[in-house]
Amino acid sequence: MQNIIRKIIAGGTLLGMLSLIIGCNDEFMDRYPTTSITPEVFFTSITDLKTYTDGFYGYLDAPIADLGTDNLAHHNSGSTIDEIMRGGVTPQNASVWSWTRLRNINFFLENYGRVKNAKAEDVNHYVGVAKFFRARFYIDKVNTYNDVPWYGNTMGTGDTELLHKKQDSRALVVDSIMADLEFAAANIKPDGHKSTVTRWGALAQLAQFALQEGTYRKYHTYLGLKDSYKKFLERAVSASEKIINEGGFQISKTGGVNRAYRDLFISQNLQANPETILFIDYDKDLGRRRNAHTVLDYEWALSQTLMESYLMKDGSRFTDQAGYKTKNIDEIFVNRDPRLEQTFMKPGFQAVNATAPHRLKPTLGGYNQIKFYPEVADMISWEAAYTDAFVFRYAEILLIFAEAKAELGILNNQADLDKSVNQLRARVGMPNMILSQVSASIDPKQQAYYSNVNEGDVGLILEIRRERRVELACEGQRYRDVFRWEVGERLADQQQGMYVKALGPMDVTGDGKVDIAILESASSTGPISHLTEAELKNITLYYLKDANGNNTTIYLENGNTGHIMFTIGRDKKKEFIKPKYYYYPVANSQLVLQGSNLVQTLGW
């Protein structure tokens, strides 16, 4: 029943959730009325607690892209942060807060005590699960609004004062989140199916949030909370270290250096993977599917700055290579970190349901994403993929451990790198990160990119950030990383796609034959005039000007050569206003409610 609830429930009302539970279990039909919610009848056994909390799993998600960030060159549908940076989001049109999920969780926390004749540890396990999900709800709210009202109980329409109360401070809400996560980590049982929250999943969430809040307080000094950042980073270290030392997880190396990384994201059985801490269990037979094929050439492509972050195979910097800015789509993959071609589409890539190698679309930039792209034919259509999805994987825990210690200034021995970052590098056959080397040789490109890193072991912090960007690319982490590091201006950068040496025909599949051509316009056929009739029939044409002489969606940075760039980025530039754009405005409709004590979000 848990799997059925997961598919249907996400975001549903309390009544809808309990109605679903009733429909799935005849036992409850006998003692639970279909027209009302009666906690006295429902919350009487451990089975009831399990059944209710199973409904929370529909709240989990697993992103397959870093939308709105510097990891993408272009996204056809845009993103909320793009709209904010272009002035399209205001308090007048902002979304209204939704508290439905919180009410569902708090309802459980108010009523679980009705269970009779049960062991305290069994009850507290499910209380921990509920608090885990309440923490996640409030983490999202703090990330979005900074200060928010904390509600630890359900409210009715008569609770006017509470319903309209002023926001609580970030410090208070964060302390409440941490208390929930500490309870969850202490009381959720360590064993169980990995599609359910175990103690290790609770510790992973605790470590992730502690790192986030610690770095947020360290770099967002205007909040006046920097004095407390260390306690969060110290908790990130201790939580991640407990998982490392006691959890029994390992970095998965099945498939070897050229497959192990990619295979993580197209697996149909993450339960069996030693790297899995918590995952979403998609299933073909039960009809639980998701979109995964959309990562390839559908609405977005990856960025030049992300591509440049990957090191060379020998551990040296790509950006130290002669002419690195003008390497074409073939050349960028030569002697690189194997994760590059397991994330970016290399020329010659052929989908399992295709009869020829995939031709990139320069209109998206050309750096196509293949991470998450399925290798089973019946998954390559809308809502058809049944590959499992990580919520937490061990690799992230190792990165949390390394980053937290580096930010604290206590990663001062090679052993710490060897048991964290270097485990990830070993999976793909990359050389170890050597503490003395990265500390002594700061990458000027990284330093310029994260210019506010100016204390401690700067070189080490920057290289751990590089490793995090590469390892977790496309997993939905980048947006929050850029925000917590207080470098939101990176999201306003005009991103670039692949380098184009000249207008005219190009081989983008690596077979020695021309596949596409980029021309100034349909009438500017000079660059393809030498092609044979057969070649002309085979190529796909793209233009910088339409039939009326207007700009199309792309242009080349130097006119007829250079990286692909995007007309919207040039003509409707983004601006990141600090600290305002780190947060979302409260809707005016909420501020003007009778009796409302809410105040507008910082900066708005």
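Modeller: Terms first. A salt bridge here is a side-chain nitrogen of Lys or Arg within 4 Å of a carboxyl oxygen of Asp or Glu. This is a predicted model, where local features need pLDDT of at least 70, side-chain atom pairs count only at pLDDT 80 or more, and totals for chains, interfaces and linings use all residues. Residues are numbered from 1 along each chain as its sequence is written, and side-chain values use heavy atoms, with hydrogens and water left out.

Colleague: How many salt bridges does the structure hold?

Modeller: There are 46.

Colleague: Which residues are linked in a network of them?

Modeller: Glu275, Asp337, Arg339, Lys371, Arg393, Arg425, Arg427, Glu467, Glu471 and Glu475.

Colleague: Take Arg393 and Glu275. What is the N to O distance?

Modeller: 2.8 Å. The two are 118 residues apart: Arg393 is in strand S4 (residues 389-393), and Glu275 is in the loop between helix H13 (260-263) and strand S2 (276-280). Helices (H or I, at least four residues) and strands (E, at least two) are DSSP runs, numbered from the N terminus.

Colleague: Is Glu275 buried or exposed?

Modeller: Buried, at 0% relative accessibility. Arg393 is buried too, with a relative accessible area of 2%. Buried means under 20% relative accessible area, exposed over 50%, partly exposed in between (1.4 Å probe, protein chains only).

Colleague: And what about Glu275 and Arg427?

Modeller: Their side chains meet in a salt bridge, 2.6 Å from N to O. Arg427 belongs to helix H17 (residues 421-427) and Glu275 to the H13-S2 loop, so this pair ties together parts that are 152 residues apart in sequence. Both residues are buried.

Colleague: How far apart are the closest N and O atoms of Arg393 and Glu471?

Modeller: 2.9 Å, in a salt bridge. Arg393 lies in S4 and Glu471 in helix H20 (residues 458-471), so parts 78 residues apart in sequence are tied together. Again, both are buried.

Colleague: New topic. In what order do the three strands of the open sheet run?

Modeller: S5-S10-S9, with antiparallel pairing. Two strands pair if DSSP finds at least two bridges between them.

Colleague: Which strands stand at the edges?

Modeller: S5 (499-500) and S9 (554-556). Each has a single partner strand, so one side of each is left without a neighbour in the sheet.

Colleague: How many bridges join S9 to S10?

Modeller: Three, and S10 covers residues 562-566. In S10, Met565 is the bridge partner of Tyr555.
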